[in-house]
Amino acid sequence: MSDVAGKAIWITGASAGIGKGLALALAAKGARLVLSGRNQAALEEVAAQCPGSIVEAFEVTDLDSLLAIAARAAAATGGVDWLVNNAGISQRSLALDTEFPVYRTLMEVDFFAPLRLTQLVLPAMVQRGSGRIINNASVAGKVGSPLRTGYCAAKHALVGWSDALRAEIAQYGVQVHVLTPGFVATGIGKNALRGDGSQKGDGEDPVDAGISIHEAAAQIIAGITGNVPEIPVGRDGAAEMQLLGLKRQDPEACFQLMAGMAPKVAR
């Protein structure tokens, strides 16, 4: 039997991108899914390809509603085995051009929402003595990149919190995984926030040349079932993936590389 078969897995941001790729791949392996996101219609389309899945549409920043939603998910599944905190939003604006509310939105969506949902799901996992928390942090959670100051801040926070949480709850048999995807061909660039809070929209973006959502899902599932704490996701040898090693081995060189990019994206 697959390590995934029969598991109750809750995926946020499941209507598109990496979340959709994971939903399709996990359903094919026999998982029982709860699919969440803002777009009910898009979630229903994904659910139609994932037999037996449940749709719970909500806005991740509506923290007051999460308690009831988490209770429904637990009741419907008999207990969530994996929580995949995948919902997120990126940024494409210089710090000098970014309004303060945009930073708040990025932190709410990319950090506080996964933290709060984890708080609601984790106690039952601890009580059972098993479970997995999977947090999608991005390479931006490890490396500071121009045009992404708020996104990097939120994802760095998510990595730090995940690492500390992993240390605390290992004693209870619950595992924490951090995903650090590089470029994956999703709509994250199109939907990224500009400095005034508007969406970037159509246009060239480096992520569009990345691996497919299906390739990303295969790498993620292999890492999770292989009990890898921090899972890089991307094309072998890709420039953005090499940054992960460079940041560890030569932080100054990594900084200089990023600083050299900044004038190219300035006004």
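This is a predicted model: local features need pLDDT of at least 70, side-chain atom pairs count only at pLDDT 80 or more; totals for chains, interfaces and linings use all residues.
**Exercise 1. State whether T118 is buried or exposed, and list what it touches.**

Solution. 
1. T118 is found in helix α4.
2. With a relative accessibility of 1%, T118 counts as buried.
3. Not counting residues up to four places away in sequence, T118 touches L83, N85, P123, I133, N135, W161 and L165.

**Exercise 2. Describe the largest nonpolar core: how many residues it has, and which elements give two or more residues to it.**

Solution. 
1. The largest nonpolar core has 33 residues.
2. Those with the most contacts inside this core are W10, L83 and M125.
3. Two or more residues come from each of α3 (63–77), α4 (100–128), α5 and β6 (174–181).
4. Helix α4 gives the largest share, 10 residues.
5. Take M125 as a worked case. Leaving aside neighbours within four places in sequence, M125 is in contact with V80, D81, W82, L83, S130, G131, R132, I133 and V174.
6. Another core, of 30 residues, lies apart from the largest one; among its residues are I18, L33, A47 and I134.

**Exercise 3. Compare the span of helix α1 with the expected value, and name its buried residues.**

Solution. 
1. Helix α1 covers residues 17–28, which makes 12 residues.
2. At 1.5 Å a residue, the expected span is 16 Å.
3. The model gives 17 Å from the first C-alpha to the last, close to the expected span.
4. The buried residues in α1 are G17, I18, G19, G21, L22, A23, L26 and A27.
5. To read such a list, recall that an α-helix has 3.6 residues a turn, so residues three or four places apart point the same way.
6. Just after α1, G30 takes a positive phi of about 95°.

**Exercise 4. Locate V184 and decide whether it is buried or exposed.**

Solution. 
1. V184 sits in the loop between β6 and α6 (213–225).
2. Its relative accessibility is 3%, so V184 counts as buried.
3. With neighbours within four places in sequence left aside, V184 is in contact with I18, V207, G210, I211, S212, I213 and A216.
4. V184 and A217 are 33 residues apart in sequence, and their C-alpha atoms are 10 Å apart in space.

**Exercise 5. Examine S138 and L147, which have positive phi values without being glycine.**

Solution. 
1. S138 has a phi of about 80°, and L147 has a phi near 75°.
2. S138 belongs to the loop between β5 (131–136) and α5 (149–169). L147 also lies in the loop between β5 and α5.
3. S138 has a relative accessible area of 11% and is therefore buried.
4. L147, with a relative accessible area of 19%, is buried too; the cut-off is under 20%.
5. Now bring in A95, from the loop between β4 (82–85) and α4. A95 and L147 are 52 residues apart in sequence but 7.1 Å apart in space, C-alpha to C-alpha.
6. A95 has 42% relative accessibility, so it counts as partly exposed.
7. Not counting residues up to four places away in sequence, A95 touches Y103 and T149.

**Exercise 6. Work out how helices α7 and α8 are oriented to each other, and which residues make the contact.**

Solution. 
1. Helix α7 covers residues 239–249 and helix α8 covers residues 251–265.
2. They pack at an angle of about 130°, and their axes are 5 Å apart.
3. Roughly perpendicular runs from 65 to 115 degrees, and roughly antiparallel begins over 145. The pair is therefore oblique.
4. From α7, the contact uses L243, L246, K247, R248 and Q249.
5. From α8, the contact uses P251, A253, C254, L257 and M258.
6. Sorted by class, the contact has 7 nonpolar, 1 polar and 2 charged residues.

Definitions and conventions: Residues are numbered from 1 along each chain as its sequence is written. Side-chain values use heavy atoms; hydrogens and water are left out. Axes are lines fitted to C-alpha atoms, for helices over the stretch in contact, and angles run from 0 to 180 degrees between N-to-C directions. Helices (H or I, at least four residues) and strands (E, at least two) are DSSP runs, numbered from the N terminus. Angles under 35 degrees count as roughly parallel, over 145 as roughly antiparallel, 65 to 115 as roughly perpendicular and the rest as oblique. Contact means heavy atoms within 4.5 Å. Ala, Val, Leu, Ile, Met, Phe, Trp, Tyr, Cys and Pro count as nonpolar, Asp, Glu, Lys and Arg as charged, and the others, Gly among them, as polar. Buried means under 20% relative accessible area, exposed over 50%, partly exposed in between (1.4 Å probe, protein chains only). A nonpolar core is a set of buried Ala, Val, Leu, Ile, Met, Phe, Trp, Tyr and Cys residues joined through side-chain atoms within 4.5 Å. The expected span of a helix is 1.5 Å times one less than its number of residues.
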